[in-house]
Amino acid sequence: MSENFLGAKTQAMLERGIPLFRNGLKFESELEKAGRRGFRAARQIVVDKAAGDFIWDLDGKRYIDFQNGWATNPLGNAHPEIIEAVHQAHLRYGFHYDHPLRYELAEKLLAIMPDRALSRFNYEVSGTEAAEAAVHLALTHTRRRYIISFSSSFHGESLGTKLISGYDGAKNRYLEAWTGGVIRAPYPYSDEMPAGMSQEQYVDFCLWYLDNHIPKSMVPRDNIAAILIEPGLAEGGNWIPPTNFLQGIRAICDKNDWLMISDEVLTGLGRTGKMWGIDHYEVVPDILVVGKNLSGGIEPCAGIAARDEILGDNDAFSSGSTFAGTPAGCAAGIKTLELYEREGLVANAARLGRIASEIMSTWEDYDIVRQVRANGLLVGVGFHSPDPAADAKNWWVARAVRSQMLANGVWAISDREDTIRMYPALNMDEAVLREGLGVMEDAIRHVTAQGFHEGDSPAWPTGVAGF
Ligand SMILES: Cc1ncc(COP(=O)(O)O)c(C=O)c1O
């Protein structure tokens with residue numbers, strides 16, 4: 001078992017704070033249960049300070065940051081130039097809806113879209129709202145009723161995006177009656193791949209399902225508005241789809257006159273070593289959803305870009321909110337894009353991604369490592385119990401490795417699955433990246449040698465204070 005590595009201040013803050021939130025009623029009993037087994041349940045950090053490639057917890061312990069504000073800090077933590085740009089926008093405009101920065105940022109963003117055809121923009125506050133806006137835009141433009149989304153996909157936690165996402169069926173409990181317009185199709189390379197099928201066969205099946213099964217057995221072709229896809233299944237475990245899947249989807253959309261929406265909230269703006277995740281597949285979507293990195297890690301900013309004929313003249317579409325495109329959010333976006341250009345950030349992400357892949361290339365030799373997945377700096381390592389007969393869950397292994405990483409000063413995400421996910425900053429110092437992955441490999445060795453238990457993983461349900 002990994003020892004309790006949390007310092008006294010962090011532990012005290014978690015014990016004081018977590019019961020205030022979701023599942024707070026269960027916290028005491030979970031702590032007690034884990035304590036009886038010799039474990040401490042809470043394995044979270046509370047960030048006291050963040051700078052560059054590192055964060056510090058309340059007890060002053062430093063961690064290499066692979067969590068990256070949940071993939072929102074492309075230039076590392078608290079980049080001073082972005083903070084300054086946001087500060088200046090606050091000083092000058094406070095909050096107003098109409099200000100020049102919203103035009104300036106839209107101009108800059110549209111100039112880096114995968115194709116100039118994506119020539120109209122709409123601001124939103126969060127990735128969730130942007131994904132919802134994309135769906136509403138598709139429905140109103142096509143005047144159709146249905147959207148196809150995928151198993152294991154994640155588009156947000158609002159009512160609308162819960163209904164559209166497919167990463168956890170339980171999220172739709174009590175919402176069943178609301179999901180009428182959503183068809184979920186299988187996403188290849190997800191955990192759901194049927195036993196005995198090769199990945200190539202499964203991709204063919206998934207494409208067949210979209211183009212044949214759905215229109216023949218579920219909904220007429222001319223009532224489907226769009227396919228909504230993440231070109232890299234981010235929250236669902238950093239799975240990387242094969243080229244022919246995305247290209248196949250584009251072809252199916254063209255053939256059937258369906259729109260293709262690429263949700264790039266997490267894969268966009270350099271995360272995968274290209275500007276957009278979709279760029280790896282050489283296809284152009286009709287609508288592109290952007291968020292996270294656009295904030296520069298400082299101030300929320302999100303939105304959608306779409307083709308002229310879709311967003312340029314659509315009276316039925318409505319979206320946006322009071323705080324969509326704030327002066328501070330736009331200032332963060334403008335400065336962030338300026339830094340992307342000045343520092344060659346996308347090329348750097350590709351370079352660091354190659355280094356990470358090279359380091360991890362032998363990890364599948366460890367008994368507990370099931371699969372290493374990486375596209376640029378979208379990195380996931382899947383784990384499993386080496387003895388399937390033993391009554392151990394795969395996610396215990398991932399949590400045990402993550403706990404050991406935390407003990408040794410590296411912060412990564414392992415929230416729902418048997419996967420540890422990592423999102424290093426696109427400008428992370430190469431030596432820090434190497435050191436962090438070195439710590440991770442040591443943790444894998446440690447868990448391989450020592451074994452793992454349920455108590456190595458946080459008994460605590462996720463999402464309270466940032467696993
Ligand atoms: C692909 C994708 N879409 C949408 C969202 C929701 O974005 P936000 O949490 O900023 O609302 C996320 C968040 O992780 C995401 O990964």
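Me: Which polar backbone atom lies 3.2 Å from an oxygen atom of the ligand?

Reply: A polar contact is a pair of N or O atoms within 3.5 Å; within protein, one must be able to donate a hydrogen and the other to accept it, and residues adjacent in sequence count only if both atoms are side-chain atoms. Here the backbone atom belongs to Gly-127. This is a predicted model, in which local features need pLDDT of at least 70, side-chain atom pairs count only at pLDDT 80 or more, and totals for chains, interfaces and linings use all residues. Residues are numbered from 1 along each chain as its sequence is written, and side-chain values use heavy atoms, with hydrogens and water left out.

Me: Which side chain has an N or O atom 2.7 Å from a nitrogen atom of the ligand?

Reply: That side chain is the one of Asp-263. An N or O atom in the side chain of Glu-235 lies 3.3 Å from an oxygen atom of the ligand.

Me: How much of the ligand does the protein bury?

Reply: Accessible areas come from the Shrake-Rupley method with a 1.4 Å probe, and for residues only the protein chains shown count as cover. The ligand taken alone exposes 390 Å², of which the protein buries 84%.

Me: Which residues are around the ligand?

Reply: A residue is near a molecule if one of its heavy atoms lies within 4 Å of it. Among the residues around this ligand are Ser-126, Thr-128, Phe-154, His-155 and Lys-292.

Me: How is confidence in the model to be read, and what is the mean pLDDT of the chain?

Reply: pLDDT is the predictor's confidence in each residue, from 0 to 100. The chain has a mean of 90, and 91% of its residues reach 70 or more. Over residues 457-467, however, pLDDT stays under 50. Where pLDDT is low, the predicted coordinates should not be read in detail.

Key. Contact = heavy atoms within 4.5 Å.
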